[in-house]
Amino acid sequence: MTVAPRPVVPALRRGDCQLWWASGRDDPWLRTLLDDRERARADRLRHPAARSLYVGAHALARTVIAAQLNISVRELKLTVECKHCGDATHGKPRPPAPLRLSLSHSGARVIVALAHSTDIGVDVEEVAPHAPETVEKALAPPERASLAALPAAERTAGFIRYWTRKEALLKATGDGLAVPPALLHVTAPDTAPRLLSWSGPGRPRLPLRLYDLDAGTGHRAALASVGAPVRLTHHDGTALLTTARPDGPGTPAPRPAAPLSSRTPVPVPAHAGASASPYTTTSEGQPTS
């Protein structure tokens, strides 16, 4: 019997950002890849679909990161820290430097974004109806006007496009929803992604770059980076988890093709559906190219 080789996880170079796509899974062996804090969090989720998304996302993230560091998944230590209170029990997960991580899950989609040296934020959302009061809380007045101007059949997806762009930005800066999304003003859903202004306190000093991603039918997704643009590549996380199933304790994770610092840049694949044209904004909120 021929055994399929474990997939190679391409090594990251400064400026790279890998996007790993998968579906939610809650297999018992996937839970063995999580740490105690993550397993406890999964157990607190009552809805089976939510548990599957959470377990699949965190198992995928740990598998990819361990491969980049050339260690087993069980050796990997992730830390979390809240930007606002400094608490180490919640906040954005951080892998060892120079890696930067962001992950998201919704509906039928899981996405893990991993970058080298550049802070990033990613968000994927299922296109689903939303309450009118959610629009009031999430969108700035010009955005609400742009949304209302869309044909009625396009407004639900239009709002989700707004939301993914804003959440990606807030995750990239580490603020999360501690900053009200309505303080951010981004371009209309049917135009190229760009942050136009950031009102209120905590306005970032570094440029923020925004990308729309193709998340497939019934979903919208976006990625943001802080300071520098990123080269996006898309990868099959479902295949990685399927073939990376450990055969027993201590089984090493899939290995990267080369050391982190030695790989040549990889262009964004033309078929990936990502918007590869970044837009930036200065700390004063004035757009630049």
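**Exercise 1. State what share of the contacts with a separation of 6 or more joins residues 24 or more positions apart, and describe the chain as a whole.**

*Solution.* Step 1. In the protein chain, 67% of the contacts with a separation of 6 or more are between residues 24 or more positions apart. The model under study is a predicted one.

Step 1. The secondary structure of the chain consists of 7 helices and 13 strands.

Step 2. Of its 289 residues, 47% are classed as buried. The accessible surface amounts to about 13200 Å², and carbon and sulfur atoms contribute 55% of it.

**Exercise 2. Determine how many residues of strand S5 are buried, and identify strands that pair with S5.**

Step 1. Strand S1 (residues 16–22) runs antiparallel to S5 and is joined to it by 6 bridges. Within this pairing, Ala22 is found opposite Val110 of S5.

Step 2. Strand S4 (residues 99–106) also pairs with S5 in the antiparallel sense, through 8 bridges. Here Ser102 has Ala113 of S5 as its bridge partner.

Step 3. S4 and S5 form a hairpin with 2 residues between the strands, where Gly107 adopts a positive phi near 60°.

**Exercise 3. Classify the aromatic pair formed by Phe159 and Trp163, and locate the two residues.**

*Solution.* Step 1. The count of aromatic pairs is 1. In this pair, the rings of Phe159 and Trp163 lie 6.4 Å apart, centre to centre, with 35° between their planes.

Step 1. Planes under 30 degrees apart would count as stacked and those over 60 as edge-to-face. The pair is therefore tilted, since the angle is 35°.

Step 2. Both residues lie in helix H6 (residues 155–173); because they are 4 residues apart, about one helical turn separates them.

Step 3. Phe159 is buried, with a relative accessibility of 3%. Trp163 also counts as buried, at a relative accessible area of 19%, as the cut-off is under 20%.

Conventions:
Residues are numbered from 1 along each chain as its sequence is written. This is a predicted model: local features need pLDDT of at least 70, side-chain atom pairs count only at pLDDT 80 or more; totals for chains, interfaces and linings use all residues. Side-chain values use heavy atoms; hydrogens and water are left out. Buried means under 20% relative accessible area, exposed over 50%, partly exposed in between (1.4 Å probe, protein chains only). Contact means heavy atoms within 4.5 Å. Accessible areas come from the Shrake-Rupley method with a 1.4 Å probe; for residues, only the protein chains shown count as cover. Two strands pair if DSSP finds at least two bridges between them. Rings of Phe, Tyr and Trp (its six-membered ring) pair if their centres lie within 6.5 Å; planes under 30 degrees apart count as stacked, over 60 as edge-to-face and the rest as tilted.
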